[in-house]
Amino acid sequence: MTTTIADRRIEDAGLEAGIARLTPEKIQKTILAVLEGEGGARLKTYVETCVRCGMCAKACHYYMSHKDPSYAPVAKVRQTMWEILKHKGLVSPEFIHQCAQIAYTECNLCRRCMHYCPLGIDTAYIMSFVRRICHKLGVTPQYIQDTAHSHSATMNQMWVKDDEWIDTLKWQEDEARDEMPELRIPLEVEGADFMYSVIAPEPKFRTQLIYQAAFIFNQAGLNWTMPATPGWDNSNMAMFSGDMEIMGRVEMAHFEAAQRLRVKRIVMGECGHAFRAIYDVGNRWLGWGMHPVPVVHSIEFFWDLLNSGKIRMAKKYPGPVTIHDPCNVIRGRGLMDKLREVVHAICDGVVEMTPNREHNYCCCAGGGVINCGPPFKNVRIVGNSVKADQLKATGVKTCIAPCHNCHGGLEDIIHKYGLGIELKFLGDIIYECMEKKGAS
Amino acid sequence: MQADQAWDWEPGARTVLEDATACAAPHEWTEEPESSPDGERLAAVANLGDGRFTVCVNAEPWETDFEKAWYLRFSPDGRLSAVTMEDGMWTVSVDGESWEESFDFAWGTTFSADGGVIAACIQSDGRYGMVVDGAPWETLHDNANHFRIAADGAHTAAAVQVKSMGQADIETFQKGIFSVAVDGEPWDATFVNCFDPAIEVKTGRVAATIRRSLYDYSVAVDGKAWEAAYDCAWGPVFHPGNGQVLAPVRKKGLWGMAGDAGFVWNPAFVQCHHPQFSADGATLAAIVATSFGKFTVAVNAAPWSATFPVVTDLRVSPDGKTVAAQASTDNTAFRVLVNGSVWPGVYDMAYGPVICPTTGQVAIRVEKDGKKAFVLDGKAHPATFDRAYDPIFSPDGAKVLLRGISGKAYKRIVAPVSAFTG
Ligand code: SF4
Ligand code: SF4
């Protein structure tokens, strides 16, 4: 069945209020300014070279779940950027609503389709560009806009106040000392080997992850620190809302925290989009060719700890387990082999999903889609039945996903499709099964 | 850090403390030690067991102990502060004496330039502000960020939330609920965001970067915004002579420096941040990128020729004759840049150049092969340490005070400039 974006229109307070303020003239003026200032050769090349072959369709989980051609990557571009260019930006407010709905909620910027395009066209880049235009027009889904606001005001994603951050770490330290009396969560230690950074949902809802990380680092005898200032949150939803200026400010705070502490590298928790923000996008917007401080994802970090013998497993986690490959650290950084080595070292009975590694299907939460909130929840659940099928086919009861966003997205499909699978972070399993010297 | 003539400037090395981890009270562990500016004391938080903490100074514990003690910082005048908690309430303790008032949370101790004033950030009953020498702001706010103290300590400021907002209420947010509070009192004006307030010494005028809408960045001084709008802006600075406010701003993808009448540095840079004036205002330096991935320092808008992937820690001497910074590649291969030339040494880490206010010479703490060392004008001092603190020039600039821990021993070395030969 073929639908159109108009058939799928969803009410969202941010999108409705946004288009109510627009006229075609205002839209055109803004679009032309964005195209002139930021629409470089890359956009032009992509648009001009696409041969409409449709090879990208089968790459996209939305298409695979719906089998509706209007969800194909090329269709997303056709319904947005091609129209914008064709009409030189003179489009209606309602059309902008449609662009926003497609770009923010029907594309995870997962870049899977790029691997299937014979010309290497990066649809995610084009969708990011559409988001940038929507941001400039003030047409952004309410909930992701709110997280971008939070970033601007607090430099973290969840309105965590400066004291709440420190307080949470102090409290986690206290709790963990019941288990390991000498444990510390070192704050603001100059010259530590690395700064550990997390995403704001950790101090807010998933404090056990900070606890576990602290426990692992102490067991491994590492010289580490966390910053006691804004800059502790490595996540960046402004990157996905299209607010590049706030994205840059958030990344600046993050890197400057690491530079002030004179750490050798930043190790970050199990999050994918955050890695993209610091390793690929935010750093470059700030003018750095690479990251100013090396950034290591938890997968690589745990791989190091296990390989150097700094941590040892007392037992292996009982399988069978399967591995979900988060887009941003797999396609974005190539960590698929290390992820497998870590999982094999800590778990028994690994059952691979198919397809996997750089051809994995996205969790359908990433790219800011889950952050668009309740109005679009059903879209991403229905739009990812292909992932549910893939998970089901493994027959496992445990899925390891080293990414917060993936947990959010997978949890929802596990629930909706009654898969009865438990999700785990690598840290959950390492903490549970490692040798614990000196722990009570 | 301003050196004092009264300190012991007799050249030579002295072990101040045989064991930097020592504490006369029975204890479980001591934490990272801090060194006093004059090098005569070494202080560390000590865990006394049973969840109690104190502070040890040259191994002698403070008389009081606490539920928690951390963020040990020496003020520039040599007083030792810690953020402490007792009965669940937090305050700042200075040389073992806690401020009378305590708060639901206190953190982020900060000092005036000479150390005469000590301030901290506080939260009481979910309201936010600052406490200055024990006296909290009269007005506290729903939230506060970007806390600042003036160099002369006369004023404190922060970006504050002055109107409350419901969950995910993006409309209210975009109408503007933030302002800047000076000594607790907010400006009349509100903005979508306020960032990085700067306080002018003596007058107490405050400038901050603001966002008037999601797209319109500018600068406001005492609540009055510049007319011009920019695509982005970093924190402003005051010209120390004429009080003019300047800030790095972005227009059409490029950064320059603007005042209220428009650009004073043309927008020619891929990046421009951390502007800094000399004391007379004649020299304005900033970290800039001349093209993508090529960073250097620009002095009065003219960039140095050597560029690096990363440049940080810009310093300008009071007379403006010396401008120094450090450069790095992938957070290693640190180089020191002074007035456009590059020292020959390459280090695993550098800790920010220190300029002698009298002579303009530059000293820096560096790390190589896991050891900390000191380098002056490109030449190293033979002593190496496992842990070290910033070098401090003597008032006449003829000597440098080196402080560090080697093995277990905490030492202070007064090194004549001529001792840097490596
Ligand atoms: S969700 Fe992924 S596969 Fe689908 S269009 Fe977006 S980037 Fe391509
Ligand atoms: S596969 Fe590439 S060339 Fe073919 S339709 Fe998709 S984007 Fe265009």
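Buried residues are those under 20% relative accessible area, exposed ones over 50%, and partly exposed ones in between (1.4 Å probe, protein chains only). This is a predicted model, in which local features need pLDDT of at least 70 and side-chain atom pairs count only at pLDDT 80 or more, while totals for chains, interfaces and linings use all residues. Residues are numbered from 1 along each chain as its sequence is written, chains are lettered from A and ligands numbered from 1 in the order in which they are written, and side-chain values use heavy atoms, with hydrogens and water left out.

Helices (H or I, at least four residues) and strands (E, at least two) are DSSP runs, numbered from the N terminus. Helix α10 of chain A covers residues 162-179. Its 18 residues should span 26 Å at 1.5 Å a residue, and the end C-alpha atoms lie 27 Å apart, which agrees. The expected span is 1.5 Å times one less than the number of residues. The buried residues of α10(A) include W165(A), I166(A), L169(A) and A176(A).

Ligand 2 sits in the largest cavity. A cavity is a set of points on a 1 Å grid over the protein atoms alone where a 1.4 Å probe fits but cannot get out. A molecule sits in it if more than half of its atoms lie within 2 Å of its grid points. The residues around ligand 2 (a heavy atom within 4 Å) include C50(A), C53(A), C56(A) and C117(A). The shell divides into 10 nonpolar residues, one polar and one charged. R52(A) and G54(A) belong to this shell.

Chain A holds an open sheet of four strands in the order β6-β5-β7-β8, with parallel pairing. Its edge strands, β6 (350-351) and β8 (422-424), each pair on one side only. Two strands pair if DSSP finds at least two bridges between them. Strands β5 (321-323) and β7 (398-400) of chain A pair over three bridges. T322(A) stands opposite C399(A).

In chain B, an open antiparallel sheet runs β28-β29-β30-β31. The edge strands are β28 (271-277) and β31 (302-303). Strands β29 (284-291) and β30 (294-299) of chain B share six bridges. S291(B) faces K294(B) in β30(B).

Strands β39 (371-376) and β40 (379-385) of chain B pair in the antiparallel sense over four bridges. They form a hairpin with two residues between them. D377(B), in the turn, has a positive phi of about 45°. K372(B) has F385(B) as its bridge partner.

Notes: On a 1 Å grid over the protein atoms alone, a cavity is a set of points where a 1.4 Å probe fits but cannot get out, and a pocket is an open set with protein on both sides within 12 Å along at least five of seven lines; lining residues have an atom within 4 Å of a point. Ala, Val, Leu, Ile, Met, Phe, Trp, Tyr, Cys and Pro count as nonpolar, Asp, Glu, Lys and Arg as charged, and the others, Gly among them, as polar.
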